[in-house]
Amino acid sequence: MSGLLPLLLSTDPKQRLRIQRSLLAASVFIACIALQAYACWVGLMVRSEAEALSGLIVANVVFWYALLRSGLNLRCQDPALTLPQIIAALTIIVGAYATTGAAHGAVMMLLTLVLVFGIFNLKPRAARFASAYTVVAMGVAILYKIQNDPVNYPLRLEVVHFALVIAIVPTVSSLAAQLSSLRARLQTQKNELAHALTRIQILATRDELTGLVNRRHMIEVINQHQKRLQRSGHHRFCLALLDIDHFKRINDTHGHNVGDEVLRHFAQVAQQALRETDVLARWGGEEFLVLLNDTTPELAQAGIERIREAMADAEVAPSVPELRLTFSCGLTAYGNEEPLDHCVERADRALYQAKAAGRNRTVLHAATPRLAITRPTAAEG
């Protein structure tokens, strides 16, 4: 059975659910066939008409099953084909109403049952269409039978039946429309909540001004690399602390709006100059921290110089196009088993040395203090 069910119902969960619903709706037709069999047995229905209608019912069930199982329904706007299946079922039930003679009153309950199957899937417009179709089709069938078979379809009884159709069917349709509106509102709320959650996650991990990783998330990223090094024993990385030179002067001269432009464009230029595996974060104010992944201090220093070269020609403030930036950098390699704050502190000391030496330069601080070296890499700007 475990191998047969996927063959009969598909392995796609959504397709399987659609097929199962269609086959469940077929139970209505089984009841209709049973009613016809009973009507023939007691002499209330002509055998040939019952056989023709039963054959039509079986063909209808097989048609919708084959269509759903083949996957052709996936090309439709509504892959469940809810409305077409309901219209087909209603048509058959109206036909059963017109051919079951004195037992036709029992068929009426099947109309409502068919509409209930679509109540959770039909959109308001489709529900109204199905309701109108049911009323019109039943009205035509009742009028025809009153004129051609008044014995089994007496006028006074059919007026009652039609009144019930007018009262019940639109009510079901209205309920379907309300449920559809409720589903739409719930889906909208779900989308809004998902958007809000995404926004919260972004705010929790990203700097709002530059879009870079923020300080809190950067610490988590470095911790992950630290654990990776502890596991592998050969995963090396370096940390570089960058500080925009004379940023306070930019704010004082051009205003904080220009200062914000400078921060945004500095982040963009630096991000483009780095490798995809490197991580750039806004550390605070005009300071940025770079994690240079899987590299040596010398190669990391070359990466920092790529940023410096890109920054030399970059327009970092569209409102002040002549403005150019330089930055100071403290660079160090992470040492095995050392606390993370020690590595960051060492990069901070190297940054202080770069500023004291005249800015616009990189100072490389080795992981072991006795091997610390200072290498100015550019002339003072």
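**Close-up 1. What lines the largest pocket.** The lining of the largest pocket divides into 9 nonpolar, 3 polar and 7 charged residues. Here Ala, Val, Leu, Ile, Met, Phe, Trp, Tyr, Cys and Pro count as nonpolar, Asp, Glu, Lys and Arg as charged, and the others, Gly among them, as polar. This is a predicted model, where local features need pLDDT of at least 70 and side-chain atom pairs pLDDT 80 or more, while totals for chains, interfaces and linings use all residues. Residues are numbered from 1 along each chain as its sequence is written, and side-chain values use heavy atoms, leaving out hydrogens and water.

**Close-up 2. The centre of the largest pocket.** Look for Q77, D78, T82, N121 and K123, which lie nearest the centre among 19 lining residues. A pocket is an open set of points on a 1 Å grid over the protein atoms alone, where a 1.4 Å probe fits, with protein on both sides within 12 Å along at least five of seven lines; lining residues have an atom within 4 Å of a point. Helix α2 gives the largest share of this lining, 4 residues (helices are DSSP runs of H or I, at least four residues, numbered from the N terminus).

**Close-up 3. The second largest pocket.** Of the 24 residues that line this pocket, R21, S22, A25, Q85 and F117 lie nearest its centre. Again α2 supplies the largest share, here 9 residues. By class, the lining has 16 nonpolar, 6 polar and 2 charged residues.

**Close-up 4. Tyrosine Y38.** You can find Y38 in helix α2, residues 13–41. Because its relative accessibility is 46%, Y38 counts as partly exposed (between buried, under 20% relative accessible area, and exposed, over 50%, with a 1.4 Å probe and protein chains only).

Methods. Helices (H or I, at least four residues) and strands (E, at least two) are DSSP runs, numbered from the N terminus.
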